[in-house]
Amino acid sequence: MVTVSVITPAYNAEHTIQETVESVLAQTFTDFEFIIINDGSTDATLEVIDQFSDPRLQVLTFDNSGPQKSRNRGIDKAVGQYISFIDADDLWTPDKLELQLKTLQQNPAASVVYSWTNVIDEKGDLHRRGGHRTKKGNVFIDLLLNNFVESGSNLLAYTEAVRRIGGFDENMVAGQDLEILLSLSAQYAFDAVPKVQVLYRKSKQTKSWSSSIRRARAGIDQVLAKHLSDRKDLKEYRKACIGNSYKYLVFECLSNSPSREKGWYSLRLLWIVILNDRSLLTKKVFLKICLRIMATTLLPHSVSRWLASKYSYFFDITSLYGYLKTKRI
């Protein structure tokens, strides 16, 4: 039996899967199996994977059924005592498994461990620093308020713990990474490696931004409904959870190239934020959000882009990301 099972769902990942596989096979901890679930890829994903001859690597191919189903298929196949997941476009630092495993083994009270995350672009360059927060023990409330783990390519957990909570919820349209973290944290203690070991790749959207952001919103609503609806003891956190979640949606909506459609939709999202967290009205970043929305909705696309570039201080909403990462209740 191997110690760790690493699971990767892959769908049409020909441009990124090679780097992902290389980052897993380069781990300083070597006693693992690496299961790639090919989710009905129609591009050259399999051809890229076939270049690797490492005996730890195995590929299972199924008809396309989505990342949640693929991860669950990997969970069913896994034989390791511990399990970890990495998406087909993300990267690990070489010491990721080694330090996470050491942390779990040194803390018998914990069943899940995570590390810090940074965001990279399509070329692998740093796009944005992650929140770099360290929470340990019972982290359920903290995760509800703020997904400080930040990436589904992060956690290492006891395989039995993941199986006991039912793996990934296949009913989720999005937000399945946060959902499984919440389900785990409701029953198990967490620990952390305070070091950047996960590089989450922020790629250009292959689908329309509209469908992506609406799907993300639907997923967030599903996750909050599942974990808040029947919990009267969490009533005091409800507004903060919704407010923080929708701040992130506003950030995602406005952080890429501007457009009128994005501007109008982000305004709708911002209204929901204000209904749930009026403290945002007192922050400087609120003015920046309003300026950015006004520019994208009222001005020609070329002009709004020029303004955002020329006067970045007044239009940069990166601080919104930092604000939501520190906001509690």
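This report describes the fold, strand pairing, helix packing and selected residues of a predicted model.

## Basis of the model

The model is predicted, and local features need pLDDT of at least 70, side-chain atom pairs count only at pLDDT 80 or more, and totals for chains, interfaces and linings use all residues. Residues are numbered from 1 along each chain as its sequence is written, and side-chain values use heavy atoms, with hydrogens and water left out.

## Overall composition

The protein chain has 14 helices and nine strands. Helices (H or I, at least four residues) and strands (E, at least two) are DSSP runs, numbered from the N terminus. Of the 329 residues in the protein chain, 53% are buried. Buried means under 20% relative accessible area, exposed over 50%, and partly exposed in between, with a 1.4 Å probe and protein chains only.

Contact means heavy atoms within 4.5 Å. Among the contacts in the protein chain with a separation of 6 or more, 78% are between residues 24 or more positions apart.

## Strand β6 and its partners

Strand β6 covers residues 110-120, and ten of its eleven residues are buried. Two strands pair if DSSP finds at least two bridges between them. Strand β6 runs parallel to β9, and ten bridges join the two. Within this pairing, Val113 stands opposite Asp191 in β9, and Ile120 has Arg201 of β9 as its bridge partner.

Strand β6 also has antiparallel partners. Three bridges join β6 to β7 (residues 126-129), with Ile120 opposite Leu126 in β7. The hairpin of β6 and β7 has five residues between the strands, and Gly124 there takes a positive phi near 90 degrees. Two bridges join β6 to β8, again in an antiparallel arrangement, and Val112 has Ala157 of β8 as its bridge partner.

Strand β9 (residues 189-201) is also joined by two bridges to β5 (residues 91-92), and these two strands run antiparallel. Here the bridge partner of Trp92 is Val198 in β9.

## Packing of α10 and α11

Helix α10 (residues 260-276) and helix α11 (residues 284-298) have axes that come within 7 Å and cross at roughly 150 degrees. That makes α10 roughly antiparallel to α11. Axes are lines fitted to C-alpha atoms, for helices over the stretch in contact, and angles run from 0 to 180 degrees between N-to-C directions. Angles under 35 degrees count as roughly parallel, over 145 as roughly antiparallel, 65 to 115 as roughly perpendicular and the rest as oblique. The crossing of α10 and α11 is left-handed, a term used if the near helix is turned anticlockwise from the far one by less than a right angle, with right-handed used if clockwise.

On the α10 side the contact is made by Arg260, Gly263, Trp264, Ser266, Leu267, Leu270 and Ile274, and on the α11 side by Phe286, Ile289, Ile293, Thr296, Thr297 and Leu298. Eight residues of this contact are nonpolar, four are polar and one is charged. In this division Ala, Val, Leu, Ile, Met, Phe, Trp, Tyr, Cys and Pro count as nonpolar, Asp, Glu, Lys and Arg as charged, and the others, Gly among them, as polar.

In α1 the buried residues are Ile17, Thr20, Val21, Ser23, Val24 and Leu25. The buried residues of α1 pack against β1, β2 (32-39), α2 (45-49) and β5.

Gln68 belongs to helix α3 (residues 67-77) and counts as buried because its relative accessibility is 6%. Apart from neighbours within four places in sequence, Gln68 is in contact with Phe168, Asp169, Glu170, Met172 and Gln176.

## Loop residues

The loop between α5 (140-145) and β8 (156-158) holds Glu150 as well as Val149. Val149 is buried, with a relative accessible area of 0%. Not counting residues up to four places away in sequence, Val149 touches Tyr114, Thr117, Leu143, Asn154 and Leu181. The C-alpha atoms of Val149 and Leu178 are separated by 8.5 Å, and the two residues are 29 residues apart along the chain.

Most residues other than glycine have a negative phi. Glu150 has a positive phi near 75 degrees and is buried, at a relative accessible area of 17%. Asn12, in the loop between β1 (4-10) and α1 (17-25), has a positive phi near 45 degrees. At 29% relative accessibility, Asn12 is partly exposed.
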